[in-house]
Structures are given as structure tokens and as C-alpha cells.
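Work through the exercises below with the sequence and the model in view. Each task is followed by a solution in steps.

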Amino acid sequence: MDKSGESPEAMFQRTLHMDERLARTLTAGGIVTLEELAYVPIWELLGVQGLEESEAQLFRKRARALLLHDATGSEDDGDTVDA
């Protein structure tokens with residue numbers, strides 16, 4: 001998953017199929033890794049200016065599913081990262 005020299009914005013776009021605006025919004029708000037997106041307290045994620053709650057929930061779920069898949073090498077509960 002780690003591409004040497006890849007920016008956090010590019011990584012979010014590639015791994016989570018996120019648009020450029022949202023990727024920039026997250027990184028400007030200090031969220032620069034999948035782990036941060038997946039596991040920071042939700043109130044902290046919702047404090048990112050320009051991030052809607054529905055976007056936060058969707059991409060938090062995608063990040064968690066991707067991290068779980070990478071850690072276990074198995075399928076998750078049926079949701080896909082492309083959802």
C-alpha cells in the first residue's frame with residue numbers, strides 16, 4: 001500500500017477512491033495516514049473544516065476496512081473499499 005514518495009493526498013485518492021478536494025481537506029486538517037483517518041476520535045475528524053459528517057463516516061469506514069484487509073489478508077464483512 002505504501003508507495004515511496006507518494007503524498008498523503010495521492011495515497012488517499014488511490015487507496016480510498018477519494019476526490020482531490022476531499023484528500024486536500026483531510027491533509028490540511030492534519031489527517032495524513034489511513035490509521036489517523038480510521039481511528040482518530042470522531043469528534044476530531046468532524047473538526048476538520050470543510051469535511052461533512054457523511055464523508056467522514058464513509059471514508060473512515062473505507063479506511064478501517066482497508067487496514068483490516070491488509071492486516072489479516074482476508075475479506076471483511078462484505079463491504080468493499082470501492083463502496
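**Exercise 1.** Locate arginine 24 and glutamate 20, and state how they pair.

Solution. Step 1: helix H2 (residues 20-28) holds both arginine 24 and glutamate 20, which are 4 residues apart, about one turn of the helix. Helices here are DSSP runs of H or I with at least four residues, strands are runs of E with at least two, and both are numbered from the N terminus. The model is predicted: local features need pLDDT of at least 70, side-chain atom pairs count only at pLDDT 80 or more, and totals for chains, interfaces and linings use all residues. Residues are numbered from 1 along each chain as its sequence is written, and side-chain values use heavy atoms, with hydrogens and water left out.

Step 2: the two side chains form a salt bridge, with the closest N and O atoms 2.4 Å apart. A salt bridge requires a side-chain nitrogen of Lys or Arg within 4 Å of a carboxyl oxygen of Asp or Glu.

Step 3: arginine 24 is partly exposed because its relative accessible area is 45%, and glutamate 20 is partly exposed with 45%. The classes are buried under 20%, exposed over 50%, and partly exposed in between (1.4 Å probe, protein chains only).

**Exercise 2.** Which residue forms a salt bridge with arginine 21, and is each partner buried or partly exposed?

Solution. Step 1: the partner is glutamate 55, at 2.5 Å between the closest N and O atoms. This pair links distant parts of the chain, since arginine 21 is in helix H2 and glutamate 55 is in helix H5, 34 residues apart.

Step 2: arginine 21 has a relative accessible area of 40%, so arginine 21 is partly exposed. Glutamate 55 has 18%, so glutamate 55 is buried.

Step 3: the structure holds 3 salt bridges. One of them joins arginine 14 and glutamate 6 at 2.9 Å, N to O.

**Exercise 3.** Describe the surroundings of arginine 60.

Solution. Step 1: arginine 60 sits in helix H5 (residues 53-72).

Step 2: arginine 60 is buried without a salt bridge, and the nearest side chain of opposite charge, glutamate 44, is 8.7 Å away. For charge, Lys and Arg count as positive and Asp and Glu as negative, while His and the chain ends are not counted.

Step 3: a polar side-chain atom of arginine 60 lies 2.8 Å from the backbone oxygen of valine 40.

Step 4: contacts (heavy atoms within 4.5 Å) of arginine 60, not counting residues up to four places away in sequence, include Leu37, Tyr39 and Leu45.

Key. Polar contact = N/O pair within 3.5 Å; in protein donor to acceptor, adjacent residues only side chain to side chain.
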